[in-house]
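Please read the following report alongside the sequence and the three-dimensional structure.

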Amino acid sequence: AGDQECFAGRTDGVTVEYRFRLVDGRWRWMRSDAKVVARDADGRAQRLLGTMTDVTPLREALEQAEYREAEMRELIANTPVAMAVFDLRGKFEIVNDAFCAYTGFDRETLLDPGLDAPPVAAEVLADREALGRLMSGEILSHVERRSYVAPDGTERFGLLTTGILRDSRGGPPRFVGQIVDVTEQERLIRM
């Protein structure tokens, strides 16, 4: 269909990716880029210029990155410690059940893209000194004791550890926050 659109002049060119099996059983991915470079007086395609590129290494790298992202999501989801991943604006990308229980928010609320930076993410982003040290690589993680008032008015205490996740593909960094709930220990100390 893309070829026909290109031949008819409705698109500038066509790009197609496909895979094929080599004689030895290995699979290779190829990308074909083609463009009509000459047409007759009626506009019919006369000459086509194209290239074929082996994109197998790129496809393998993307598959590996997707696998690692899925693995990280599963690791965070299954850990009993409150964990979340958020971007430089404080928007949560991943939250686990323990994080939802600690904050008192459900997953849908925390992952809502319209939500302003909620507590925890906002606190991390507000600590400019620690944030700068994390971003520069001066420190690998930042730990501090935090108090937090949940939506139901309950005061909670936690040891918040924040680290930075750098994107190997050059995307913006993200933060991973981990909270160990020390509310009961804090209550005992106060008594």
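The report below describes a predicted model.

**Overall dimensions and composition**

The protein has seven helices and eight strands. Its radius of gyration is 26 Å, whereas a compact globule of 191 residues would have a value near 16 Å. The C-alpha trace spans about 90 × 40 × 30 Å along the principal axes of the protein. Of the 191 residues, 31% count as buried, and the accessible surface comes to about 12,200 Å², with 53% of that area belonging to carbon and sulfur atoms. When contacts between residues at least 6 apart in sequence are considered, 41% of them join residues that are at least 24 apart.

**Strand pairing**

Strand S1, which covers residues 13–21, pairs with strand S2, residues 27–39, in the antiparallel sense over nine bridges. Within this pairing, Thr 15 has Asp 33 of S2 as its bridge partner. The two strands, S1 and S2, form a hairpin with five residues between them, and in the turn Gly 25 has a positive phi of about 95°.

A second hairpin is made of S6 and S7, again with five residues between the strands, and here Gly 153 takes a positive phi near 90°. S6 pairs with strand S7 (residues 155–165) in the antiparallel sense, over nine bridges. Two of the facing positions can be named: Ser 147 stands opposite Phe 157 in S7, and Arg 145 stands opposite Leu 159 in S7. S7 is in turn joined by eight bridges to strand S8 (residues 174–181), the two running antiparallel, and Ile 164 stands opposite Phe 175 in S8.

Which residues of S6 lie on its covered face, and which on its uncovered one? His 142, Glu 144, Arg 146 and Tyr 148 make up the covered face, while Ser 141, Val 143, Arg 145, Ser 147 and Val 149 make up the uncovered face. Val 143, which lies in strand S6 (residues 141–149), counts as exposed because its relative accessibility is 51%, and the cut-off for that class is over 50%. Together with Leu 159 and Val 180, Val 143 forms a nonpolar patch on the surface, the three residues having about 220 Å² of accessible area together.

Val 95 is found in strand S5, residues 92–95, and is buried, with a relative accessible area of 4%. Leaving aside residues up to four places away in sequence, Val 95 touches Met 83, Ala 84, Cys 100, Arg 107, Leu 110 and Leu 111. The C-alpha atoms of Val 95 and Tyr 67 are separated by 18 Å, these two residues being 28 apart along the chain.

**Salt bridges**

A search of the whole structure finds 17 salt bridges. Three of them are set out in the table, with the separation of the nitrogen and oxygen atoms.

| Arg 44 | Asp 42 | 3.5 Å |

Asp 42, which meets Arg 44, is exposed, with a relative accessible area of 61%.

How is the pair of Arg 187 and Glu 184 placed in helix H7? Because Arg 187 and Glu 184 are three residues apart in helix H7 (residues 183–190), they are separated by about one helical turn. Arg 187 is partly exposed, with a relative accessible area of 36%.

Notes
Residues are numbered from 1 along each chain as its sequence is written. This is a predicted model: local features need pLDDT of at least 70, side-chain atom pairs count only at pLDDT 80 or more; totals for chains, interfaces and linings use all residues. Side-chain values use heavy atoms; hydrogens and water are left out. Patches are made of residues with over 30% relative accessible area and no salt bridge: like charges are joined within 9 Å, nonpolar side chains (Val, Leu, Ile, Met, Phe, Trp, Tyr) within 5 Å. Accessible areas come from the Shrake-Rupley method with a 1.4 Å probe; for residues, only the protein chains shown count as cover. A salt bridge is a side-chain nitrogen of Lys or Arg within 4 Å of a carboxyl oxygen of Asp or Glu. Helices (H or I, at least four residues) and strands (E, at least two) are DSSP runs, numbered from the N terminus. Buried means under 20% relative accessible area, exposed over 50%, partly exposed in between (1.4 Å probe, protein chains only). The radius of gyration is taken over C-alpha atoms; the globule rule is 2.2 Å times the number of residues to the power 0.38. Contact means heavy atoms within 4.5 Å. Two strands pair if DSSP finds at least two bridges between them.
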